[in-house]
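Hello,

Here is the structure I promised to pass on. Please open it alongside this email, and my notes follow below.

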Amino acid sequence: MMKRLVLTDLRRAQRKKAFIICMVITVLLIIIMAIISVWKPSSADTMMSGETSGKASAFLSNFSISYGLMPFLIGIPIYSTVFTDDFKSRTMQTAIGRGISRRRLILARFYEVLALLVESLLIFSVIGIVIALAFGASMSGIGVMIGKMWFSSVLLVANVAIAMLVLYMTQNPTGGLVLYILLAADAFRLLFLLLEMIPFLKDNKIKPSYILPSGVYELASDYLFGREASLDVSKATEGNIEDMIQAVDPNLAKAMLYIVILVGVFIILPLILSQTVFRKKELEF
């Protein structure tokens, strides 16, 4: 029954005008980035390393604008489609009445978010790769471009998971949506950055903003993409675990650590808390 519930809601979500319109806007934004790259390609001084085409270099750089807006253009419609409509149409109460547990219902809604997000990312990836190849981009450049886009979706999922906790705690989809928008806009981090201006924190290089999901994501992204983290296979001896561990670049190891924190603390933990809170809540009809 849970599988049928997820598939039914996914078909409904895919037909939602708001979701379709935002998908179209994002695709158009990618195309606009491609046009700008043709109109104003990167110069020899500003070309990315490994790229021989100014158009390709410019597009790989400009593509980040498209996925940078994804938390708003895709995240908000997905949240509204999955959660707001669920409360408005009372499908949640109907599903519980038919024997689906609250824990499984929350997981079903989370799976729907993931499915819609993956569907969107696949479409954007195909379009981005086709354009980048047409411009003569290198495979490494395309890999980094797509990798950054998919990795940015982890933060989007974390923000949704945190918003779900408020949603099921209050049974108010508007409150969860407001929290998601604030997290997507990084509003809380702006407040924490102001705190970091306090002399004591500044002198001791204490950065409270790094305890937020966006701060942990930034650290992981920096170590994953900004410091050329790599795995030196030549240093690893087959069958020797110690050599293989030593072959891992420290930056890659740090990136993996922050990814584990991001997923564990800001995705899995809020889901568990949502199930715990919602299980003890009286349903509002």
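How are helix 7 and helix 8 oriented to each other, roughly parallel or roughly antiparallel? Please keep in mind that this is a predicted model. Helix 7 covers residues 139-170 and helix 8 covers residues 173-184. Their axes come within 8 Å and cross at roughly 150°. An angle over 145 degrees counts as roughly antiparallel, so helix 7 and helix 8 are roughly antiparallel to each other. Their crossing is right-handed.

On the helix 7 side, look for Leu-156, Asn-159, Val-160, Ile-162, Ala-163, Val-166 and Leu-167. They meet Pro-173, Gly-175, Gly-176, Leu-179, Tyr-180, Leu-183 and Ala-184 of helix 8. By class, this contact has 11 nonpolar residues, three polar ones and no charged ones.

Now the loop between these two helices. Gln-171 sits there. Gln-171 follows helix 7 and has a positive phi, near 55°. Is Gln-171 buried or exposed? Its relative accessible area is 7%. Buried means under 20%, so Gln-171 is buried. Look also at Phe-278: 107 residues separate Gln-171 from Phe-278 in sequence, yet their C-alpha atoms are 8.7 Å apart in space.

Next, Gln-275. This residue belongs to helix 13, residues 250-279. Gln-275 has a relative accessible area of 13%, so it is buried too. Which residues does Gln-275 touch, leaving aside neighbours within four places in sequence? They are Arg-103, Ile-106 and Leu-107.

- Helix 6 (residues 102-134) has 33 residues and reaches 48 Å from first C-alpha to last, close to the 48 Å expected at 1.5 Å a residue. Gly-136 follows helix 6, with a positive phi near 85°.
- Helix 7 has 32 residues and reaches 47 Å between its first and last C-alpha, close to the expected 46 Å.

Finally, the whole chain. How many helices and strands does the protein chain have? There are 13 helices and zero strands. Of its 285 residues, 45% count as buried. Take the contacts with a separation of 6 or more: residues 24 or more positions apart account for 74% of them.

Best wishes

Terms used:
Residues numbered from 1 in each chain as written. Predicted model: local features only at pLDDT ≥ 70, side-chain atom pairs only at ≥ 80, totals over all residues. Heavy atoms only, no water. Helix = DSSP H or I, 4+ residues; strand = E, 2+ residues; numbered from the N terminus. Buried < 20%, exposed > 50% of the residue type's maximum accessible area, 1.4 Å probe, protein only. Contact = heavy atoms within 4.5 Å. Axes fitted to C-alpha atoms, helices over the stretch in contact; angles between N-to-C directions. Parallel < 35°, antiparallel > 145°, perpendicular 65-115°, else oblique. Left-handed = near helix turned anticlockwise from the far one by under 90°. Nonpolar A, V, L, I, M, F, W, Y, C, P; charged D, E, K, R; others polar. Expected span 1.5 Å × (residues − 1).
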